[in-house]
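Visitor: Please take me through one part of this model in close detail. I would like to look at the metal sites, step by step.

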Amino acid sequence: MPSDLRPLGWDEEWAAAFASYAAAGLLPARVGRVDRGRLEVHLRPSETVHAVAHLEAGAAVEDQPAVGDWVAVDPRSDGAVVTGVLPRRTLIVRSSAGRRSEGQAMAANVDTVLIAVPLEREARLAQLERFLTVGWESGARPVVVLTKSDVVDHDEIDVALLRAREAAPGVQVLAVSAETRTGTDALRSAIGATTAVVGQSGAGKSTLVNALAGAEVMATQATRQDGKGRHTTTARELIPLPSGGVLIDTPGLRGIGVHDASDGVAQSFSDIEALAEECRFRDCTHETEPGCAVTAAIDDGALTRRRLDSYRKQLREVEWAGRRNAADARAAHAKRWAEQTAHGKGHGRGVH
Ligand SMILES: Nc1nc2c(ncn2[C@@H]2O[C@H](COP(=O)(O)OP(=O)(O)OP(=O)(O)O)[C@@H](O)[C@H]2O)c(=O)[nH]1
Ligand SMILES: [Mg+2]
Ligand SMILES: [Zn+2]
């Protein structure tokens, strides 16, 4: 086993999954950077090489190598050629904002996903709940990090922690200052072997990465006057930590879709789903039905209406995407059928 890959997260299980590639003379590598299709891979921790992907025809967008993927590299050609991607343990997928509900792989094989929320601005809880859904859906463990705790006072931190915990039941929520290093030890013990940082632009993701790495590995930039970020980080990038393990920094996102994340929604809103089990009617819509445990929880303050609305909105988005996918599949089927029919005619089956 190439032992120098261990600090990057390589283990016996990866080696077993790689066996057939190894037998074919290929080398394992971890994707370190993806920038609009341009790939850099780590054949060893401290060094990346440029690579091009030659995958089987018909590979879906989600099958393309993402940061964090373990790939098979052909060392014999000039420059590295990625010929295979090992099955992923987890995958953070971002639904694209476009008309088609195609997912975009943001990072693969992530154990812990840090959702960075800046304390300098009032948190948008519905957006945090979207990041949590995408985090849960990925299979990684989400952790909420309230950043820049040095810019607000203790009372404000306490209020923000309460609000974030309301939006993130069952999730660890930490307040951290990368500036004063308050909370960074707690954060260090919360992260996994592969940890990705996601959030809006200017949330302090790259500053957090630098604090954890103990070096200025990522560029950072002051936010604008209105508190918005400047989209400083433009590519997804994997940073090996001196103590072992890796971080993945990602570009800031304006928003995030939850289109294909029905399991994620269920995990994100496990509190509401558990309450719904107690409703008198199986098909309770939690509107005006008698014996509704969800509205009862709102009445006694255990659940906010805001959170129920957020849950409904995410459910609608997932449902809508499901219908659109089905429609897309029908259209593709009809097109193939039409093409085949035209093809048949072209070969003169005598139907002119
Ligand atoms: N006071 C204070 N400022 C911070 C802290 N963390 C980050 N900042 C500042 O917030 C601004 C944005 O930080 P970045 O790390 O570039 O933010 P980002 O999330 O990586 O932004 P994008 O790359 O655009 O997505 C910079 O001016 C940082 O210095 C902190 O703990 N305290
Ligand atoms: Mg950044
Ligand atoms: Zn109900």
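**The metal sites**

Guide: This is a predicted model. The protein chain has an average pLDDT of 90, and 94% of the residues score at least 70.

Now go to the zinc ion (ligand 3). Its protein donors are Cys 279 (SG), Cys 284 (SG), His 286 (ND1) and Cys 292 (SG). They lie 2.1 to 2.4 Å from the ion. Read along the chain, these donors follow the spacing C-x4-C-x1-H-x5-C. Next, look at the angles. The four donor atoms subtend 105 to 116 degrees around the zinc ion (ligand 3), so the arrangement is tetrahedral. The cut-off explains this: four donors count as tetrahedral if all angles lie between 85 and 135 degrees. For four tetrahedral donors, the ideal angle at a metal is 109.5 degrees. Cys 284 and Cys 292 are both buried.

Turn to the magnesium ion (ligand 2). Ser 206 (OG) and Thr 233 (OG1) coordinate it, at 2.0 to 2.1 Å. This pair links distant parts of the chain, 27 residues apart. Ser 206 sits in helix α5, residues 205-213. Thr 233 is in the loop between α5 and β12, the latter being residues 236-240. Are these two buried or exposed? Buried means under 20% relative accessible area. Ser 206 has 8% relative accessibility, so Ser 206 counts as buried. Thr 233 has 12%, and therefore Thr 233 counts as buried too.

Definitions and conventions. Residues are numbered from 1 along each chain as its sequence is written. Chains are lettered from A and ligands numbered from 1 in the order in which they are written. This is a predicted model: local features need pLDDT of at least 70, side-chain atom pairs count only at pLDDT 80 or more; totals for chains, interfaces and linings use all residues. Side-chain values use heavy atoms; hydrogens and water are left out. Donors are N, O and S atoms within 2.8 Å of the metal (3.2 Å for Na, K and Ca); water is not among the atoms, so sites may look incomplete. Helices (H or I, at least four residues) and strands (E, at least two) are DSSP runs, numbered from the N terminus. Buried means under 20% relative accessible area, exposed over 50%, partly exposed in between (1.4 Å probe, protein chains only). Four donors count as tetrahedral if all angles lie between 85 and 135 degrees; four count as square planar and six as octahedral if opposite donors are over 155 degrees apart and all others between 65 and 115; anything else is irregular. pLDDT is the predictor's confidence in each residue, from 0 to 100.
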